[in-house]
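Please keep the structure open while reading.

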Amino acid sequence: MYVILHAFSRRNSGDGLLVDLTLEALEAAGIDREDCVLLALDPESFDQDDISVARAPGEPSAQVTPKLGFAALEVLVSAVTGARFGRVAKVTSGAKGLIAVGGGYLVADRFVRQAGVLLNHFAQLSSAAKAGVPTIYLPQSIGPMKGTVGRLAKSRLTQMDRIYVRDDLTMSEMGSANARRIGDLAVMKLGREIEAIEPIAPAGKTILIARDLPADGDYTTRLQKLAASVSDPVWAVQADTQGPRSDRAFYQRLGYDDGGSMSDLMAQGTPGVVISVRLHGAIAALLAGRPSIHLAYERKGWGAYEDLGIAEFVHDARTFDPERVAAQAKELQSDPSNFWNRIRAAAPALERQYNDMVSDLRERLLGPSATPK
């Protein structure tokens, strides 16, 4: 049995995509999903999946609930006694390997996010560090890691067998021998599948995907100016959760109605350029054949678009120029051919990275003599 750590919720389609891509990589390495257990903060959201799911300690809605109390107890007892204690230890006991889903959940730059790492992820991180089995973290953006929580988390990360990181700043800050720089899981999937993707002529509605941001400055004002500058904007929901992480609630606070979920809009074949604050909304759009501009709020966004060869189409979400982004969207509506050609040029390197990662998974989890299925 293999345990997949740090899963969040399928109510956020980006996080669900990362779980799917983690399972896909494991299957490519020779490990069936029937042999995996997913440790998730919101296990109910995976009820329709054909995989065993267990509840991770923590609270997915970023609200104060009794779940946080139980998570704090698990962290405290483990820290004081040094023992593998609690729900995570029970799930991981007897595992042949621990694999962390890709993502950007280990960020400890201010109090709220330090608390998030401590209560939602630290028990899993500590259990992996103490495990006597292979431990592999799939492509991550880690940091900044500040304060006591940051130092403790970073010390645990150095004990993993392999940590894949998806941006240069994380690679520089980690500075550990177990880190390897590759692309985001979704970016590498795009690299592998680009020749099979049929780009859609983006002549219709402009799809906007946004989210609430902390310390946002005039971010919301810039979003509103952008919406007024693009053709026929439609607000798409990627994270449909309770609490402050809900895209739909954020749009309502801005005075906009949404046009439905991102996945539904893609399935309906809704044409148009996508402008997304959420990274995996942008990548999902590319996988669906729609050119996308990314308004990045963390380091992961720059890493992804640099890896794809389209760095000029990523902008800082807090300082972007609405007129410049609207002009880029218009350019892509007119002729997206160069945009796609540059992604095709980047694809071979991304495919090699993926194949190397799968080989590493196979060797570490199944042994050096294991062969592909």
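A nonpolar core is a set of buried Ala, Val, Leu, Ile, Met, Phe, Trp, Tyr and Cys residues joined through side-chain atoms within 4.5 Å. The model discussed here is predicted.

**Nonpolar core**
- The largest nonpolar core has 118 residues, and the members touching the most others are Tyr137, Ile275 and Met357.
- Helix H14 (residues 337–366) supplies the largest share of this core, with 10 residues.
- Setting aside residues up to four places away in sequence, Met357 touches Ala25, Leu138, Pro139, Tyr164, Ile182, Leu185 and Met188.

**Aromatic pairs**
- The whole structure holds six aromatic pairs.
- Trp235 and Tyr251 form a tilted pair, because their ring centres are 5.1 Å apart and their planes stand at 50°.
- Trp235 is in strand E10 (residues 233–235) and Tyr251 in helix H9 (residues 247–254), so this pair ties together parts 16 residues apart in sequence.
- Phe313 and Phe339 pair edge-to-face, since their planes are at 85° with ring centres 5.1 Å apart.
- Phe313 lies in the loop between helix H12 (299–307) and E13, while Phe339 is in helix H14, 26 residues apart; both are buried.

**Charges over rings**
- The charged end of Arg192 sits over the ring of Tyr354, 3.6 Å from its centre.
- Arg162 lies over the face of Tyr164, at 5.9 Å from the ring centre.

**His315**
- His315 belongs to strand E13 (residues 314–316).
- Its relative accessible area is 14%, so His315 is buried.
- A polar contact of 2.7 Å joins the side chains of His315 and Gln328.

Methods. Residues are numbered from 1 along each chain as its sequence is written. This is a predicted model: local features need pLDDT of at least 70, side-chain atom pairs count only at pLDDT 80 or more; totals for chains, interfaces and linings use all residues. Side-chain values use heavy atoms; hydrogens and water are left out. Helices (H or I, at least four residues) and strands (E, at least two) are DSSP runs, numbered from the N terminus. Buried means under 20% relative accessible area, exposed over 50%, partly exposed in between (1.4 Å probe, protein chains only). A polar contact is a pair of N or O atoms within 3.5 Å; within protein, one must be able to donate a hydrogen and the other to accept it, and residues adjacent in sequence count only if both atoms are side-chain atoms. Contact means heavy atoms within 4.5 Å. Rings of Phe, Tyr and Trp (its six-membered ring) pair if their centres lie within 6.5 Å; planes under 30 degrees apart count as stacked, over 60 as edge-to-face and the rest as tilted. A charge sits over a ring if NZ of Lys or CZ of Arg is within 6 Å of the ring centre and within 35 degrees of the ring normal.
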